[in-house]
Amino acid sequence: MSLFRSEDMALCQLFLQSEAAYSCVSELGELGLLQFRDLNPDVNAFQRKFVNEVRRCDEMERKLRYLEKEIRKDGIPMLDTGENPEAPQPREMIDLEATFEKLENELREVNQNAEALKRNYLELTELKHILRKTQVFFDEQEGGSSATESMTRALIPDDSIARQAAGPVQLGFVAGVILRERIPPFERMLWRACRGNVFLRQAEIETPLEDPATSDQVHKSVFIIFFQGDQLKSRVKKICEGFRATLYPCPEAPSDRREMAMGVMTRIEDLNTVLNQTQDHRHRVLAAAAKNITNWFIKVRKIKAIYHTLNLFNLDVTQKCLIAECWVPTEDLEQIQLALRRGTERSGSSVPPILNRMDTLENPPTYNKTNKFTSGFQHLVDAYGVASYREANPAPYTIITFPFLFAVMFGDLGHGILMASFAAYLVIKERTLGAKKIQSDVWNIFFGGRYIILLMGLFSMYTGMMYNDVFSKSLNIFGSNWRNNYDESTLMNSKALQLDPNSTAYFKYPYPFGLDPIWQVAENKIIFLNSYKMKISIIFGVFHMLFGVLLSLWNHVYFRDRLAIMCEFIPQIIFMCFLFLYMVLLMFIKWVNYSADTIDVKAGPYCAPSILITFINMVLFKSSKNPDVCDDWMYAGQGFLQKLLVVIALLCVPVMLLAKPIMIMRARKQHQPVLNIFLSPKLKSLIII
């Protein structure tokens with residue numbers, strides 16, 4: 001019965017020796033059957049006994065997350081064997097901390113060295129491009145010796161050159177590298193700040209460069225700026241500094257530039273060798289850590305969970321015993337005793353733990369046992385709300401109702417096959433797929449609900465066959481039972497023809513299973529199918545709601561809540577039956593009493609009354625406006641019975657809303673049991689549950 005109702009829980013008091021507490025809680029955690037209560041609610045989280053151990057676990061988790069980030073950055077696969085290692089003993093924490101500390105320090109040192117090498121490599125690479133591009137700039141002029149003269153003509157007017165012919169004019173220049181997207185504002189700022197007295201040349205670096213800090217690829221450009229005078233030189237350098245441009249020394253003589261370029265290339269080759277060795281060492285460190293990091297995470301989190309649980313315990317006056325209170329399923333008390341015995345043996349303690357049941361008036365927590373098949377449905381139910389303690393569990397019924405009601409809406413054989421095939425693959429390969437530990441949230445949703453999707457697909461296949469719908473097409477398995485007896489001229493000259501279902505010349509007998517495929521080409525297909533599906537949906541929906549109300553009766557009987565039966569269940573079931581169940585009965589009466597061959601002797605063919613109009617008129621206390629066209633009533637005395645049902649149903653509404661609160665309020669005022677209010681002795685004797 002545990003599947004249909006939550007587990008019977010008991011509040012227990014647990015006495016553990018301080019030396020054995022860690023091992024016992026570890027064994028209990030592997031069971032996962034206890035819920036501990038916080039016996040120190042007024043104590044700050046930073047003032048509890050094991051707060052230092054929790055902090056150590058947090059620090060170990062931080063180091064493991066750092067290692068995991070670096071492993072993922074290098075694209076190294078982390079080995080996950082699916083093992084569930086036991087929680088390490090407290091003395092093993094020191095070894096784990098030392099291992100993580102060593103790995104973190106080694107990795108940080110390697111990263112710092114690699115970053116410094118990459119920064120040096122970047123500077124040398126930029127200097128190499130500067131030397132190449134500036135050589136091109138100078139070679140574009142009239143020659144190496146007349147380059148300065150050409151720049152002078154570009155910066156100084158001709159008359160000024162003539163006046164200064166007696167003495168040479170020296171131009172200075174700076175060269176550097178800047179981000180490519182900053183070139184346009186850089187040029188504008190130079191022009192405005194220097195009043196057009198500088199000469200700028202720039203060229204793009206074709207290959208992107210790696211930023212040593214972020215490892216991102218950036219695009220840069222080389223520039224060279226010619227100017228005259230120290231004042232412009234300082235102004236140009238300040239502008240370069242503001243735009244975060246990197247300046248490099250560049251000799252004026254071509255021979256010096258060639259000599260510097262050769263030295264730069266030699267240093268770049270040496271740096272490449274050192275960088276490769278550094279990356280190989282880093283990869284080896286991370287690859288070794290990737291083999292164990294999954295198990296390390298499990299161990300650290302188990303240690304942290306144990307100490308977090310121990311912080312919920314209370315210390316006795318002797319500081320040698322820990323006292324805990326926990327909710328335990330009564331059926332699993334024996335397993336818990338065995339786990340405590342194993343924990344005591346592991347710790348080497350000679351004092352056995354004590355587990356005592358306590359009497360309490362508190363409402364226990366709800367605990368429903370699940371397996372891999374029912375867990376998805378239980379999570380689905382819990383998403384709407386967790387049932388109270390010992391209430392009927394809706395999850396077993398949801399296993400059928402949820403996929404079936406989905407299929408009533410979905411109803412396609414082709415799509416159902418696709419859904420069922422996909423879910424069947426997940427079910428068959430569940431061990432292999434579960435061991436991969438895929439981190440995608442969308443994938444985990446599909447994999448966790450694989451059994452739900454499987455049943456949804458199977459039920460959709462069934463309803464798709466009932467609707468005769470396969471990818472919006474029909475299957476003609478048995479052949480249509482409708483016949484065409486019109487001649488060829490009638491068929492050619494008529495836009496639409498009607499087939500008489502009352503004539504055997506046009507219609508033989510109903511289709512053996514599902515809908516006749518001829519409805520696929522009928523003009524009134526949508527009207528017919530919508531009416532058909534709407535009526536089926538209403539029938540299933542009403543019975544589904546009635547089933548839920550009946551489940552509430554099961555709860556009321558179990559909890560011996562007579563007041564809820566009288567003030568909730570009875571008016572609810574009357575309201576449901578007198579309105580909605582009556583509407584369903586009208587549908588069946590209409591289907592039985594009215595057919596194509598139903599003919600009145602005087603009036604001719606009957607017009608079957610509309611269920612929707614009949615129900616609206618029933619609630620509004622009205623009758624049909626066209627009794628000559630359609631039947632006003634389906635059976636004798638229908639008008640009086642419908643008015644009576646509506647009146648009784650409406651009287652149930654205030655009873656559902658007000659009766660129970662009023663009786664509870666009066667019982668509290670009079671300090672009497674709730675059931676004794678408003679009941680005569682004879683009526684009390686009739687209530688038997």
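**Ground rules.** I take axes as lines fitted to C-alpha atoms, for helices over the stretch in contact, with angles from 0 to 180 degrees between N-to-C directions. Helices (H or I, at least four residues) and strands (E, at least two) are DSSP runs, numbered from the N terminus. The model is predicted, so local features need pLDDT of at least 70 and side-chain atom pairs pLDDT 80 or more, while totals for chains, interfaces and linings use all residues. I count residues from 1 along each chain as its sequence is written, and side-chain values use heavy atoms, leaving out hydrogens and water.

**Helix 3 and helix 9.** I started with helix 3 and helix 9 (residues 293–310), which pack at about 130 degrees with their axes 12 Å apart. That makes the two helices oblique to each other (under 35 degrees counts as roughly parallel, over 145 as roughly antiparallel, 65 to 115 as roughly perpendicular, the rest as oblique). Their crossing is left-handed, meaning that the near helix is turned anticlockwise from the far one by less than a right angle; clockwise would be right-handed. Which residues of helix 3 and helix 9 meet? I found Met93, Leu96, Thr99, Phe100 and Leu103 in helix 3 against Trp296, Val300, Ile303 and Tyr307 in helix 9, where contact is heavy atoms within 4.5 Å. By class, this contact has eight nonpolar, one polar and no charged residues. Here Ala, Val, Leu, Ile, Met, Phe, Trp, Tyr, Cys and Pro count as nonpolar, Asp, Glu, Lys and Arg as charged, and the others, Gly among them, as polar.

Next I traced an open sheet of four strands, in the order 4-7-3-8 with antiparallel pairing; two strands pair if DSSP finds at least two bridges between them. Strand 4 (199–204) and strand 8 (246–248) are at the edges with a single partner strand each, so one side of each has no neighbour in the sheet. Neighbouring strands of this sheet are turned against each other by 25 degrees on average, direction ignored. Strand 3 (residues 172–179) pairs with strand 8 over three bridges, in the antiparallel sense. There I noted glycine 176, whose bridge partner in strand 8 is leucine 247. Helix 3 (residues 92–139) packs on this sheet and touches strand 3, strand 4, strand 7 (220–227) and strand 8, its direction making about 55 degrees with that of strand 7. Helix 6 (residues 183–193) lies across strand 3, strand 4 and strand 7, at about 175 degrees to strand 4.

I checked UniProt, where an unreviewed entry places "transmembrane region" at residues 404–428, 448–467, 536–557, 569–591 and 640–659; positions follow the numbering used here, feature names are shortened, and annotations may be inferred rather than shown by experiment. In the model, residues 448–467 are 95% helix and 0% strand, with end C-alpha atoms 30 Å apart. Residues 569–591 are 100% helix and 0% strand, and their end C-alpha atoms lie 31 Å apart.

Helix 12 (residues 395–410) and helix 18 (residues 525–558) have axes that come within 11 Å and cross at roughly 165 degrees. They are therefore roughly antiparallel. Their contact includes Phe404 of helix 12 and Phe540 of helix 18. Helix 19 (residues 562–593) and helix 21 (residues 638–670) pack at about 155 degrees, with axes 8 Å apart. This contact has 21 nonpolar, three polar and two charged residues.
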